Amino acid sequence: FSHNIFILWRKDTYFVEKSCIFVFILNIGMRLFVILFSFLLFANRTVKAQTDTISYGVIKNMPAFYEQLKQQLTYPEAWGNSATKDFGKWRAEARKTVMECMQNLPPAPKEYDMSVVGTEQRAGYEARKIWFNVSEWYRIPAYLLVPDGKGPFPAIIMLHDHGAHFSIGKEKMVRPFGVSPEISADAGDWVVRCYDGQYTGDYFAQNGYVVLSIDALFWGERGRKEGISYDGQQALASNFMQMGASWGAFINIDDVRSAEFLASLPMVDKEKVGCLGFSMGAYRSWMLAALTDCVKASASICWMNTTEHLMTLTNNQNKGGSAYSMLIPNLRRYLDYPHTASIACPKPSLFFNGAKDKLFPVAGVKDAYQAMREVWESRHAGDRLVTKIWEEKHFFNKEMQKEALEFFNKEMRNND
């Protein structure tokens, strides 16, 4: 009996010992597993951290630190930020800043030497194809529309859009004549797509305005000798910059010289010269009004915003290409878009934008309108600034054109 008990005890002890050994091994295994899992988890986090910090510096063509760059922009020369508190002096200083950022520019022409190379009589006005010197370096073609009757007449310089459509320029604003069927069809199609089927220049000429429209450099008869190229914009802009100049500035100075030319014509009342444009033409319009007092009133359709809202990961402005035609190097260090436009104050100025316009965020439009409103009202000229957001996309419809005409009639024909 004792022997049997001893044997049972030995078996139980053996079983217990085996169980203890198993538990011990299991415990060690679990610890090793936890250690290995922790190591792998840490290693994975380390790799991810490296990916976030060193594998890229650009997001959607924007520097990864673009928000910090925007925060650096304090616009020290804007009205209200500038140390200059006399408004007339501020206008002169701000305009000088813009012009300095625009350098190096072509010299103004000694004489315009206009020549008329074609005419066409239309209902209530004559269309003329002309050439004139816009600088000492180059001579450009243009359309000039002259109302029937005795002048002098009020006048509008019509500034065409960008549209990534370079085969035509001035023909977007004035119905062309003496051109190929292809150019005529191209212009007709474009006017339907962007201007509700109405040539804005002809519409104003029918209503008693002298109209001038030129090609911006790179469009129409001032395009590439080698043919149209979207990518050519960036090459052209780069080449300008490598020679201390900018493509956008040349477009703006050509507009200034064209407005001065228009004001010099005998059939034009030089105290009643305005400008109007859609899209890039709108940018050109408010820039023109800011740069010269030869222009007495302006209308800018579908181009106004702020750098804060345009310089984002999703806005079209960050794609390069088209943006170069509307860039002045270093200007953002001093003035944002609405601040620059406010140099025109207290001139009558109209700004329309579309609530459905995907190119210009409505929040940025409202911020820009408010910034300009504060300037005009500070000069007791709030009634001279018209701002309106239409339930419209990026489009200049006939009703908008009608209101633009009424605006100019009020400001430039109220004594007729």
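Tutor: A residue counts as exposed when its relative accessible area is over 50%, as buried when that area is under 20%, and as partly exposed in between, with a 1.4 Å probe and protein chains only. The model discussed here is predicted, and its residues are numbered from 1 along each chain as the sequence is written. Local features need pLDDT of at least 70 and side-chain atom pairs count only at pLDDT 80 or more, while totals for chains, interfaces and linings use all residues, and side-chain values use heavy atoms, with hydrogens and water left out.

Student: Does K96 count as buried or exposed?
Tutor: K96 has its place in helix α3, residues 87-102, where helices are DSSP runs of H or I with at least four residues, strands are runs of E with at least two, and both are numbered from the N terminus. Because its relative accessibility is 54%, K96 counts as exposed.

Student: What percentage of the residues of the protein chain count as buried?
Tutor: The secondary structure of the chain comes to 12 helices and 11 strands. The chain exposes about 20,600 Å², of which carbon and sulfur atoms supply 57%, the areas coming from the Shrake-Rupley method with a 1.4 Å probe. Of its 416 residues, the percentage that count as buried is 48%.

Student: Among contacts between residues at least 6 apart in sequence, what percentage join residues at least 24 apart?
Tutor: Contact here means heavy atoms within 4.5 Å. Among contacts in the protein chain that already join residues at least 6 apart in sequence, the percentage that join residues at least 24 apart is 74%.

Student: At roughly what angle do the axes of α7 and α8 cross?
Tutor: The axes are lines fitted to C-alpha atoms over the stretch in contact, with angles running from 0 to 180 degrees between N-to-C directions. In α7, I251, N252, D255, V256 and A259 meet Y283, R284, M287, L288 and L291 in α8. The axes of α7 (residues 247-264) and α8 (residues 280-291) come within 9 Å, and they cross at roughly 65°.

Student: What separates the C-alpha atoms of W131 and I214?
Tutor: W131 lies in strand β4, residues 125-133, and counts as partly exposed because its relative accessibility is 28%. Beyond its neighbours within four places in sequence, W131 has contacts that include D113, M114, R139, P141 and E221. W131 and I214 are 83 residues apart along the chain, yet their C-alpha atoms are separated by 9.7 Å.

Student: What is omega for the cis peptide bond that joins C345 and P346?
Tutor: Most residues other than glycine have a negative phi, and most peptide bonds are trans. The bond from G151 to P152 is cis, with omega near 5°, and P152 is in the loop between β5 (139-147) and β6 (153-159). P346 is found in the loop between α10 (337-341) and β10 (349-354), and for the cis bond joining C345 and P346 omega is about 10°.

Student: What is the C-alpha to C-alpha distance of D196 and K398?
Tutor: D196, in the loop between α4 and α5 (200-206), has a positive phi of about 60° although it is not a glycine. Not counting residues up to four places away in sequence, D196 touches V191, F395, F396, N397 and K398. D196 and K398 are 202 residues apart in sequence, and their distance in space, C-alpha to C-alpha, is 6.0 Å.
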